[in-house]
Amino acid sequence: MDLAEALLAQLEAAPAVTAIVANRIHWARRDQASPLPALVLTIVSRTSEGDTIEAEGPIWTSRVQADCFAGSHAQAWALAAAVRSAIADPADVSGFDLFGADVEGPTDLSEDQPEGVIHRASLDLIIRHGADV
């Protein structure tokens, strides 16, 4: 399992997240015509902290951008709050260690589109985790 799979599993196991997006959690891109609300995750960076006592093998810090798209400002921000809550605590997801996360944001990145406003609340998730295998 790697970070992408573990983070996806953690978010899919969070009732507050799935109550808003169901299974519309995507990596890196969302088709413009796909239904909202939706969550798009992108791994922005990853650095090694080296070996620590906390886990077998190296610990990594990854920055993941979480874009919460919705048809209303309130729904985009509610999704951002649900994501923040879902990743706050440490978790062991099928043997992959997630040591909790710091969150920056959300930032309002809503934009006008020909079909109307798409509301977007963007979070930066700074996640400490075990080594990808």
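The model is predicted. A search of the whole structure finds one cavity of 30 Å³ or more, and the largest nonpolar core has 31 residues. Glutamine 10 is one of the residues that line the largest cavity.

**The cavity**

- Rolling a probe the size of a water molecule over the atoms shows where empty space is left.
- The largest cavity holds about 30 Å³ of space.
- Its lining is made up of Leu7, Gln10, Ile87, Asp89, Leu98, Gly100, Ala101 and Ile127.
- Five of these lining residues are nonpolar, two are polar and one is charged.
- Helix H1 (3-12) and strand S5 (96-108) each contribute at least two residues to the lining, and S5 gives the most, with three residues.

**The nonpolar core**

- In soluble globular proteins, nonpolar side chains tend to be buried together.
- Within the largest nonpolar core, the residues with the most contacts are Leu11, Val17, Leu39, Val83 and Leu125.
- At least two residues of this core come from each of H1, helix H2 (15-21), strand S2 (38-51), strand S3 (58-70), helix H3 (73-87), S5 and strand S7 (116-130).
- H3 supplies the largest share of this core, seven residues.

**Glutamine 10**

- Glutamine 10 belongs to helix H1.
- Glutamine 10 counts as buried because its relative accessible area is 11%, which is under 20%.
- With neighbours within four places in sequence left aside, glutamine 10 is in contact with Ala86, Ile87, Asp89, Ala91, Val93 and Leu98.
- A polar atom of the glutamine 10 side chain lies 3.1 Å from the backbone oxygen of alanine 86.
- Glutamine 10 and aspartate 112 are 102 residues apart along the chain, and their C-alpha atoms are separated by 32 Å.

**Backbone features**

- Leucine 36 and proline 37 are joined by a cis peptide bond with omega of about 0 degrees; proline 37 is in the loop between strand S1 (25-27) and S2.
- The peptide bond from glycine 105 to proline 106 is also cis, with omega near 20 degrees, and proline 106 lies in strand S5.
- Alanine 22, in the loop between H2 and S1, has a positive phi near 55 degrees although it is not a glycine.
- Alanine 22 counts as partly exposed, at 38% relative accessibility.
- Alanine 28, in the loop between S1 and S2, has a positive phi of about 75 degrees.
- Alanine 28 counts as exposed because its relative accessibility is 56%, which is over 50%.

Terms used
Residues are numbered from 1 along each chain as its sequence is written. This is a predicted model: local features need pLDDT of at least 70, side-chain atom pairs count only at pLDDT 80 or more; totals for chains, interfaces and linings use all residues. Side-chain values use heavy atoms; hydrogens and water are left out. On a 1 Å grid over the protein atoms alone, a cavity is a set of points where a 1.4 Å probe fits but cannot get out, and a pocket is an open set with protein on both sides within 12 Å along at least five of seven lines; lining residues have an atom within 4 Å of a point. Grid points are joined across faces, edges and corners, and a volume is the space filled by probe spheres set on the points. Helices (H or I, at least four residues) and strands (E, at least two) are DSSP runs, numbered from the N terminus. Ala, Val, Leu, Ile, Met, Phe, Trp, Tyr, Cys and Pro count as nonpolar, Asp, Glu, Lys and Arg as charged, and the others, Gly among them, as polar. A nonpolar core is a set of buried Ala, Val, Leu, Ile, Met, Phe, Trp, Tyr and Cys residues joined through side-chain atoms within 4.5 Å. Buried means under 20% relative accessible area, exposed over 50%, partly exposed in between (1.4 Å probe, protein chains only). Contact means heavy atoms within 4.5 Å. A polar contact is a pair of N or O atoms within 3.5 Å; within protein, one must be able to donate a hydrogen and the other to accept it, and residues adjacent in sequence count only if both atoms are side-chain atoms.
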